[in-house]
Amino acid sequence: MNLKFLLQTLRQYLRMPWTAYASDAGDELRQELEFHLMSSAHDHQRTGLSIEESHKAALARFGDLNNVLRGCSDVFTSGQLFWHRAHLLTTMALVFFVGWLFVRATQPQMIQTQNQIPEAATGYSFEESAGDILGSVKGLEGEAVSQANVIAVVKTWPPGGFRQQSYMTTTDADGSFCIEDVYPPDHKYETQVSVVAEGRLLTSRYTSMTTGYLENHQFELAPTNPFAIRFETDGGEPLQNVAVFPSARIDQQGNRHQVYFLGSEPIVIHSDEHGQIPITQFLPGEEVAVAVQFPGKSWQVRELVVPAANQVVVMTPSTFDF
Amino acid sequence: MTPRLSWGKLVWIVMAGKTNKKSDLLQGTLDMLILKSLIGGARHGYGVAKWIQATTEDALRIEEGSLYPALHRMQKQGWLSSEWGLSDSNRKAKYYKLTRTGRAQLKREVSSWEQMVSAIGLVLNAKMNEVTQ
């Protein structure tokens, strides 16, 4: 087997299909053998044999015609056989390789599907996410604050990535609240619980990276002196339907109380036809932030110092661009 | 010693479905006769058969059909080339011609044949006491 022979047979194999022998080379061989037999018969005829006898003699001298045809066919196809089998093996190998790639690509998903356990929003199983956020909201006199918005944001670090979920509830008539199954006591988590109530100070509590069950949150919300924000165009026209929610405040001890943007939707209020909106969660003189969304614009945070009670702060879209 | 089958040979047998028949004595002899018959010029298959028959004075009567697989194989190996032409009887015939590789091959075949004949001659001419020693 030399390279020249291999290349020659490869060229033949590529040039003609496997069955070409019967039509091309087969025709040539038939002509060649026909010439042989006719010449042989002719020579026999010269020795005095009849046409029929001379043909028989030529055939007898020639041997088994089928064997000869088969032998020549074998010679012709022997080279192609190599390439044909190489072709088949390569094709099979490719098919297996593609199949293997397919199985490999789909197997992790299949395993994942098989092993998929219903997962809570914490990223852990429901059984592991049995931590409840409980508490109560009262005034300074101990009176229950009902219908206060309680917004909880829970951060967890399950396998595969960080999760942050927000939950919202309102306090009952006795000022108590309960948000069930929101953190995994056996794993690390963080919580931020904010309370936003009408005429009460925005108050929040942050619990940093902890495990175990949380103690009940006891909120005591002091009353506030409401002020108003009026939204106007740069030309002084009132801007209706500006979305606002109290975002943050810093108390006298320097603690920051805030509402995460995530989960703030229930406490969003909108300016009226006069462009005005009452803000009732801050004390005069406090440095606070309100989140504002002018119609058709993105949310932005506006910081301000709270004016005296019942005063009005004017905001325009062009000022304090975020 | 058990004959060892090399990986290359095994792959060739599996892929091409062939064993190496080069060492086959009969095939080698037939190849040599065909190559020799073409040394004087191109001949068609029937011409080759007739030449061998005439040259051996009918002593070697080969089955004429067996020439053709051999001719085709030798052509594929590059020892012969062929072309269609007209015979003496004005019929279309395929003529085979010896190539340079074919000539070299003939030399090798003849040399190998002579070595074998010489070896067999040595055996046949050996005296009995030499053989038994």
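Guide: One term before we start: a salt bridge is a side-chain nitrogen of Lys or Arg within 4 Å of a carboxyl oxygen of Asp or Glu. This is a predicted model, where local features need pLDDT of at least 70 and side-chain atom pairs count only at pLDDT 80 or more, while totals for chains, interfaces and linings use all residues. Residues are numbered from 1 along each chain as its sequence is written, chains are lettered from A and ligands numbered from 1 in the order in which they are written, and side-chain values use heavy atoms, with hydrogens and water left out.

Visitor: Which residue of chain B meets A:Asp43 in a salt bridge?
Guide: Across the interface of chain A and chain B, the rule finds three salt bridges. In one of them the N to O distance is 3.4 Å, and the partner of A:Asp43 is B:Lys50.

Visitor: How much area is buried between chain A and chain B?
Guide: Buried area is the accessible area (1.4 Å probe) that two parts lose on being put together, summed over both. Carbon and sulfur atoms give 60% of it, and the total is about 2,900 Å².

Visitor: Which element gives the most to the side of chain A that touches chain B?
Guide: Helices here are DSSP runs (H or I, at least four residues), as are strands (E, at least two), numbered from the N terminus. The elements that give two or more residues to that side are α1 (3-15), α3 (25-46), α4 (51-62) and α5 (65-115) of chain A. With 15 residues, the top giver is α5(A).

Visitor: Is B:Glu57 buried or exposed?
Guide: B:Glu57 sits in the loop between α3 (45-55) and α4 (67-76) of chain B, and its phi is near 50°, a positive value in a residue other than glycine. Buried means under 20% relative accessible area, exposed over 50%, and partly exposed in between (1.4 Å probe, protein chains only). At a relative accessible area of 71%, B:Glu57 is exposed.

Visitor: What is the relative accessible area of B:Asp58?
Guide: B:Asp58 also lies in the loop between α3 and α4 of chain B. Its phi is positive, about 70°, although B:Asp58 is not a glycine. B:Asp58 counts as partly exposed, with a value of 36%.

Visitor: Where does A:Ser264 lie?
Guide: A:Ser264 counts as buried, at 4% relative accessibility. The C-alpha atoms of A:Ser264 and A:Met168, 96 residues apart along the chain, are separated by 8.7 Å. The place of A:Ser264 is the loop between β10 (256-258) and β11 (269-270) of chain A.
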